[in-house]
Amino acid sequence: MEIPSKYDPKRVEEHWYAYWSEHDYFSSKPDEREPYTIVIPPPNVTGVLHMGHMLNNTIQDVLIRRARLLGKNACWVPGMDHASIATEAKVVAKLKAEGIDKSKLSRDEFLKHAWDWTNEYGGVILQQLKKLGCSCDWDRTKFTMDDDMSASVIKVFVDLYNKGLIYRGYRMVNWDPEAKTTLSDEEVIYEERQGNLYYLSYAIEDSDEKVTIATTRPETILGDTAICINPNDERYHHLRGKKAIVPICDRVIPIIEDEYVDVEFGTGCLKVTPAHDENDKNLGDKHNLEVVDIFNEDATLNSFGLHYEGKDRFVVRKEISKELEEKGYLVKTEQHTNKVGTSERTKAVIEPRLSDQWFLKMENLAKPAIEGVLETKDVKLYPSKFENTYRHWMENIRDWNISRQLWWGQQIPAYYYGDGKEDFVVAETPEEALELAKANNPNLQASDLRQDSDVLDTWFSSWLWPMSVFGGILEPENEEVNYYYPTNDLVTGPDILFFWVARMIMAGYEYRGKRPFENVYLTGLVRDKQRRKMSKQLGNSPDALKLIEDFGADGVRVGLLLSSSAGNDIMFDETLCQQGANFANKIWNAFRLIKGWEVVDIPQPEAAQKGIEWYKAKFNQTLVEIEDHFSKYRISDALMATYKLVWDDFCSWLLEIVKPEYQKPIDEATYNEVLHLFEENLKLLHPFMPFLTEEVWQHIAERTPEHALIVAQWPEAKKVDTDLIADFEFASEVISGIRTIRKEKNIPQKDALELFMLNGEGVGTQMDPIILKLGNLSKMEVVDTSLDGALTFRVKSNEYFIPISGAIDVEAEIAKITEELNYTKGFLKSVEKKLSNERFVNNAPENVVAMERKKAADAEAKIETLEKSLASLK
């Protein structure tokens with residue numbers, strides 16, 4: 001194949017993704033190999049590719065491609081989450097735009113629209129992941145509303161109900177008035193907001209006396225059913241047993257006593273509104289208070305709101321505060337900052353609301369999940385700092401509100417057959433439900449049953465994901481789940497550590513007695529270079545597909561990984577993608593350079609032989625380092641080690657060492673060795689840059705599909721020759737010294753130089769041929785004394801001399817060295833002054849003092865060298 005002069009990412013990406021797909025490299029079936037399994041954190045069916053997805057899925061693809069190269073049966077299961085609230089909101093909005101009101105539709109009619117929307121717009125993100133190079137087993141794609149996935153959810157609900165872990169309760173819940181559904185505690189985001197504290201005057205019945213109460217929500221006074229004082233608060237002892245009158249609605253309410261009241265906050269008097277505050281509800285239950293609910297499900301006021309009926313709560317807050325002021329009830333208003341709960345999905349302010357809901361008892365489910373992560377380390381979190389967060393959540397776990405007042409999702413399998421709240425049965429099918437219900441009423445017909453209209457929380461399906469994708473709930477002993485489960489690695493964000501990760505761990509122990517995965521790699525949030533979280537609102541989130549178009553998928557993958565480390569936020573900058581694209585071009589050009597050499601059967605130069613020996617040692621050393629990084633989920637560090645090996649050691653050093661002279665051929669042995677080493681480099685690079693590496697690999701030689709890079713063998717680490725590496729490091733410093741003198745004195749590379757050494761440390765080493773070639777030296781000799789009229793440099797204790805040719809301006813050189821000498825002497829003086837200060841030496845950390853002493857020693861050695869150089873020039 002002809003090698004194009006420029007690397008064209010778009011052509012390459014389309015070609016090789018189609019090739020990989022055509023040859024089924026991504027597919028996995030159980031066999032005799034060791035399985036390596038990842039399940040994708042299923043993105044919302046409504047989602048499109050953003051920077052968080054790009055990072056998360058790049059890391060997963062790196063891990064899965066490396067596992068393939070290691071000879072494992074790599075299985076990456078893709079899929080989507082039905083996202084109850086988000087999807088229903090999208091469908092409702094679409095219907096509204098078409099002039100259709102959801103409330104006028106039957107459930108089945110609405111679900112038809114929802115499925116139409118899902119089939120038309122859903123799953124876009126999975127197609128976009130292919131652009132990134134994600135090597136998922138697409139034949140395994142799952143959707144949390146697939147028939148088998150839904151059946152798994154229903155089966156688990158029924159099982160947990162029968163175990164006494166699921167119950168129905170009338171509780172104070174988090175109500176989203178926009179989505180008109182309840183939310184779990186974890187779906188509520190608390191934000192600090194500036195508001196007001198309203199001081200209101202309540203009259204005491206049959207008295208001229210008044211009592212002042214502070215509230216942030218004056219609209220809720222219409223639901224007040226008591227005033228509470230602390231029994232230890234002497235200010236209010238005289239109010240015991242009395243009654244107060246609520247402003248505007250004139251309801252007479254009792255004054256009760258409870259130590260719950262904080263005497264320091266506000267006025268020390270508390271209004272109690274059991275329908276609209278969880279703590280007030282607890283007080284109401286304790287003191288047997290009336291419950292007055294003033295809100296409709298959309299947070300407008302109902303008939304208990306009197307003349308405010310039908311108005312939104314925030315409109316009423318403004319209007320009622322004005323009315324209270326006009327009627328003399330408003331004593332004063334103060335600015336007040338408090339935490340306000342908002343819906344994670346709709347951003348609406350949450351309303352506490354009493355409601356019949358379904359709950360899952362969590363305490364016993366949490367115990368094995370706490371032990372597995374924090375005690376036995378059966379599941380490991382990377383980085384481990386998140387164990388503290390996990391512990392806090394799990395040890396303070398509350399029962400999970402699993403019902404949602406929506407239509408899109410798995411409908412709760414509870415069937416009502418009578419008039420009472422308790423007249424219901426729970427079963428997997430209506431037929432089974434009828435049989436159970438007949439035990440209570442033998443005359444029942446199927447038409448007498450009414451299924452609960454609520455659906456289950458989306459997370460109640462995704463907590464089964466690592467099992468249900470392999471059929472492990474419906475068929476617990478099937479071949480696939482026994483082979484692939486537990487999975488190996490989970491890559492996700494710390495923001496869903498409790499929502500999803502902890503719950504999957506609980507479900508895994510409950511239903512298979514095993515962890516769902518061994519390692520959890522928690523990525524950071526992607527932020528811009530100003531440390532702001534990327535968001536549509538800020539407009540600081542780049543278009544993910546545009547980045548791929550501009551820099552190539554490999555360039556974007558490298559850019560993302562260069563800016564990330566486990567658990568730390570990623571400061572993303574597009575210049576990192578440019579760096580990734582530059583790296584791709586560097587590799588491409590290195591390949592074209594090698595392929596451009598004429599190869600003949602001539603003896604191998606000693607420099608090339610030694611260079612190849614060194615690079616093999618360096619490769620093995622780096623391979624060990626890379627393996628260590630992968631074992632600790634330092635994916636960014638693994639890439640950086642590979643990057644330095646290829647860019648610095650291979651391209652900048654090895655290719656220079658073996659490169660034949662201009663228009664001269666290269667020997668066959670060197671050429672073959674260098675190409676082989678290039679192939680080994682490509683294997684290390686492939687997980688990070690799959691497209692470029694496959695393209696180069698296929699250009700190197702004619703390959704059959706079974707010899708494609710994607711299924712090649714990961715290099716095996718061999719013993720590292722550290723002496724060889726140390727010798728080369730010394731030689732490279734000598735070469736750099738020679739190059740510096742050439743640069744500073746404008747001596748062309750084609751002009752051969754002589755090099756003389758004093759002391760002779762490292763002289764006669766195996767790297768001398770490399771120094772001779774890269775330094776373009778005609779001679780290398782050891783001398784006993786300094787050379788006059790020569791330029792000098794030092795490497796460790798060796799002093800090197802390069803005799804001056806007539807091309808150097810001696811006077812200018814003397815002036816330059818004198819200036820550098822004076823500067824270095826001044827620097828040494830300042831360091832010695834610091835070291836002569838006893839307070840500094842005695843109080844500064846030991847490593848700081850040691851660093852200053854090293855600076856002094858280095859300066860002294862440099863002064864000695866400069867003085868000798870000066871003396872030789874005069």
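**From loops to helix contacts**

A: Leucine 306 has a relative accessibility of 36%, so this residue counts as partly exposed (buried is under 20% relative accessible area, exposed over 50%, partly exposed in between; 1.4 Å probe, protein chains only). The model is predicted: local features need pLDDT of at least 70, side-chain atom pairs count only at pLDDT 80 or more, and totals for chains, interfaces and linings use all residues. Residues are numbered from 1 along each chain as its sequence is written, and side-chain values use heavy atoms, with hydrogens and water left out.

Start with the backbone. Most residues other than glycine have a negative phi, and most peptide bonds are trans. Leucine 306 has a positive phi, near 55 degrees, and is not glycine. Its place is the loop between helix H7 (278-287) and helix H8 (313-326) (helices are DSSP runs of H or I with at least four residues, strands are E runs with at least two, both numbered from the N terminus).

Aspartate 206 also carries a positive phi, near 55 degrees, without being glycine. This aspartate lies in the loop between strand E7 (188-204) and strand E8 (210-215). Its relative accessible area is 78%, so aspartate 206 is exposed.

Now the cis bonds. The peptide bond from tyrosine 382 to proline 383 is cis, and its omega is near -5 degrees. Proline 383 belongs to the loop between strand E15 (380-382) and H10. The bond from tyrosine 485 to proline 486 is cis as well, with omega near 0 degrees. Proline 486 falls in the loop between helix H14 (479-484) and strand E22 (487-492).

One more loop residue is threonine 346, between strand E13 (330-343) and strand E14 (351-360). Threonine 346 is buried because its relative accessible area is 18%. Threonine 346 touches Ile85, Asp176, Glu178 and Ala179, leaving aside neighbours within four places in sequence (contact means heavy atoms within 4.5 Å). Alanine 86 is 260 residues from threonine 346 in sequence, yet the C-alpha to C-alpha distance is 7.9 Å.

Next, the helix pairs. Two packed helices are described by the angle between their axes and the distance between the axes. Take H10 (residues 386-395) and H15 (residues 497-512): their axes come within 11 Å and cross at roughly 75 degrees (axes are lines fitted to C-alpha atoms, for helices over the stretch in contact; angles run from 0 to 180 degrees between N-to-C directions). H10 and H15 are therefore roughly perpendicular (under 35 degrees is roughly parallel, over 145 roughly antiparallel, 65 to 115 roughly perpendicular, the rest oblique). H10 brings Phe386, Thr389, Tyr390, Trp393 and Met394 to the contact, while H15 brings Leu497, Phe498, Ala502, Ile505 and Met506. Of these residues, nine are nonpolar, one is polar and none is charged (Ala, Val, Leu, Ile, Met, Phe, Trp, Tyr, Cys and Pro count as nonpolar; Asp, Glu, Lys and Arg as charged; the others, Gly among them, as polar).

H21 (residues 668-685) and H22 (residues 690-700) pack at about 155 degrees, with axes 10 Å apart. That makes H21 and H22 roughly antiparallel. From H21, Leu675, Phe678, Glu679, Leu682, Lys683 and Leu685 make the contact; from H22, Thr693, Val696, Trp697 and Ile700 do. This set divides into seven nonpolar, one polar and two charged residues.

Alanine 584 sits in helix H18 (residues 574-595). With 4% relative accessible area, alanine 584 is buried. Beyond residues up to four places away in sequence, alanine 584 touches Tyr7, Met689 and Leu692. Phenylalanine 551 is 33 residues from alanine 584 in sequence and 9.7 Å away, C-alpha to C-alpha.

Finally, the aromatic rings. Rings of Phe, Tyr and Trp (its six-membered ring) pair if their centres lie within 6.5 Å; planes under 30 degrees apart are stacked, over 60 edge-to-face, the rest tilted. This rule gives 41 aromatic pairs. One of them joins tyrosine 615 and phenylalanine 650, edge-to-face at 5.4 Å centre to centre, with 65 degrees between the planes. Tyrosine 615 is in helix H19 (residues 606-631) and phenylalanine 650 in helix H20 (residues 635-658), so the pair ties together parts 35 residues apart in sequence. Both tyrosine 615 and phenylalanine 650 are buried. Ring pairs also link a cluster: Tyr7, Trp588, Phe591, Trp614, Tyr615, Phe619, Phe650, Trp653, Phe678 and Phe728.
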